[in-house]
Amino acid sequence: MKPFIQSTLLAVLSAFVTYSLHGTDPTPTTNQIEPAREPTQVPTPISLINPSTAQGALQFLLGVRQASASDCQRYFHSTHETALREAVILRWASIDPRSCFEFLNEYASHGSDHLPMFSYGPLLFQVWAHSNKAEEAITVLAEHPNEHWLDIAYPSFAQLASTMDGKLWKAILNEPRLATRSLPYAQFSRLSGPADPNANANVLRALAAARAGGFYELEFLCRQNGFGGQPGAQSQEMQSAWSALPTKLRNEMAGKLVQSLAESDLPAAMNFLHQLPVDQADQNAACLVGAYAKQDPAGAWSWLNEHTLASRRASLEEWAKAVPPTQGAEILAQAPPSNARDIAATTLAQAWFTKDPTAAAQWAQSLDDPNTQRQVYNSIALDWMRRDPAQAIAALTAPQAPALQKGTYSELAKRLRITNPTQAEAFLAALPPERFQAAGNAAH
């Protein structure tokens with residue numbers, strides 16, 4: 001189609017789309033907007049229309065504007081122009097969306113031409129989902145085996161999630177394949193009415209099966225149905241759905257749920273953790289500790305020491321990453337020597353060093369327990385030498401400095417040889433003989 005014809009057609013189509021969707025004529029002939037009137041002229045027969053010309057395109061659009069569903073099919077086949085076909089779909093979807101769906105589906109069901117389904121399907125559902133026949137659309141999708149239609153349709157329904165009425169929302173929830181795709185876009189805070197355990201259990205199963213959506217949906221469904229509340233508050237359907245999840249996925253979901261709950265409702269998170277089987281609770285304790293430590297560092301440290309956890313190291317590391325460094329240092333200073341304290345101190349030093357190397361280094365040098373200081377020095381030595389070689393050399397070669405792992409001395413010497421040979425010589429010369437020997441061949 002020639003450029004000037006294309007531009008004329010697009011302008012006319014824009015007016016047509018406005019009329020189709022809103023029922024108003026955007027081009028009144030007077031200064032005052034008049035109510036839209038159906039055209040009285042008899043449309044040009046389809047066989048006499050040449051849509052590739054500007055006049056033909058106008059005749060085509062005038063005809064489509066009055067077309068029946070059966071006429072729409074003939075108009076669609078009479079042109080290959082995308083813009084004109086979109087006009088046909090808009091008209092067809094507004095008068096008989098189901099027959100339009102069946103027509104587009106024919107291409108995918110009885111041939112290799114899937115283009116109309118993917119090109120015009122979104123336009124069909126944009127009109128259908130916003131019409132008074134939206135429930136019919138959900139029913140059609142629920143009965144249809146082709147998953148592509150669900151992918152095409154869900155954005156139109158997801159856009160409605162914040163405003164749709166309860167009846168329509170319940171219809172979507174009862175179709176898990178559609179709900180699975182729409183849930184990530186829904187604004188749950190806008191929904192009202194009692195939870196439907198059966199529908200929510202179906203959605204939970206669908207989310208798990210499709211690995212779709214995010215954990216926000218899981219949290220909403222679980223909290224709405226008693227998870228994170230009093231033990232035993234969950235419905236049988238939801239308990240059954242939760243128990244049926246694959247173990248690996250359930251553990252992952254539980255951890256995210258515990259963490260999310262802990263950030264907004266710590267007692268609820270603890271309640272939920274205690275409702276989990278022992279092995280799941282143990283694996284997900286670190287998710288709770290991280291959120292707990294941000295709110296109450298001392299309380300989280302006490303909780304850690306009151307519980308025996310197989311995942312203790314992970315929980316200690318989460319605590320150390322989450323606490324404000326100065327508060328964490330004060331808590332550890334008051335804690336008795338233990339392996340747990342050393343693990344937490346090492347992680348704290350690493351996390352602190354990325355935020356404030358000077359303060360972290362000063363704290364490391366102030367530690368009075370040789371074992372804790374040795375582990376802390378080992379964890380930050382390489383980063384320390386990179387950021388402030390002079391300070392690191394002075395601290396690591398001081399008479400009271402704890403002995404580092406042999407591999408640490410060797411790596412430090414290698415790196416200094418590359419970046420600053422003079423400092424490398426000074427570092428090696430200041431090491432006691434046994435530590436100089438630990439640096440190995442890096443000295444040469």
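The structure is a predicted model. Helices α17 and α18 pack against each other at an angle of about 170°. Ser-311 sits in the loop between α17 and α18, while Thr-397 sits in the loop between α23 and α24. Both Thr-397 and Ser-311 are buried.

- Helix α17 covers residues 297-306 and helix α18 covers residues 312-322; their axes are 11 Å apart.
- The angle between them is about 170°, and because angles over 145 degrees count as roughly antiparallel, α17 is roughly antiparallel to α18.
- On the α17 side, the contact is made by Pro-297, Ala-300, Trp-301, Leu-304 and Asn-305.
- On the α18 side, Arg-312, Ser-315, Leu-316 and Trp-319 make the contact.
- Sorted by class, the contact of α17 with α18 has six nonpolar, two polar and one charged residues.
- Ser-311 lies in the loop between α17 and α18, and its relative accessibility is 14%. Ser-311 counts as buried because that value is under the 20% cut-off.
- Leaving out residues up to four places away in sequence, Ser-311 touches Asp-282, Gln-283 and Ala-285.
- Ser-311 and Ala-281 are 30 residues apart in sequence, and their C-alpha atoms are 9.8 Å apart in space.

**Helix α2**

- Helix α2 spans residues 54-65, which is twelve residues.
- From its first C-alpha to its last, α2 reaches 17 Å, close to the 16 Å expected at 1.5 Å a residue.
- The buried residues of α2 are Gly-56, Ala-57, Phe-60, Leu-61, Gly-63, Val-64 and Arg-65.

**Helix α20**

- Helix α20 runs over residues 339-355 and has 17 residues.
- The distance from the first C-alpha of α20 to its last is 25 Å, close to the 24 Å expected at 1.5 Å a residue.
- Helix α20 is largely enclosed by the rest of the structure, because 13 of its 17 residues are buried.

**Thr-397, between α23 and α24**

- The loop that holds Thr-397 lies between α23 (389-396) and α24 (406-419).
- Thr-397 has a relative accessible area of 16%. Thr-397 is therefore buried, the cut-off being under 20%.
- A polar atom of the Thr-397 side chain lies 2.5 Å from the backbone oxygen of Ile-393.
- Not counting residues up to four places away in sequence, Thr-397 touches Phe-427, Ala-430 and Leu-431.

Methods. Residues are numbered from 1 along each chain as its sequence is written. This is a predicted model: local features need pLDDT of at least 70, side-chain atom pairs count only at pLDDT 80 or more; totals for chains, interfaces and linings use all residues. Side-chain values use heavy atoms; hydrogens and water are left out. Axes are lines fitted to C-alpha atoms, for helices over the stretch in contact, and angles run from 0 to 180 degrees between N-to-C directions. Helices (H or I, at least four residues) and strands (E, at least two) are DSSP runs, numbered from the N terminus. Angles under 35 degrees count as roughly parallel, over 145 as roughly antiparallel, 65 to 115 as roughly perpendicular and the rest as oblique. Contact means heavy atoms within 4.5 Å. Ala, Val, Leu, Ile, Met, Phe, Trp, Tyr, Cys and Pro count as nonpolar, Asp, Glu, Lys and Arg as charged, and the others, Gly among them, as polar. The expected span of a helix is 1.5 Å times one less than its number of residues. Buried means under 20% relative accessible area, exposed over 50%, partly exposed in between (1.4 Å probe, protein chains only). A polar contact is a pair of N or O atoms within 3.5 Å; within protein, one must be able to donate a hydrogen and the other to accept it, and residues adjacent in sequence count only if both atoms are side-chain atoms.
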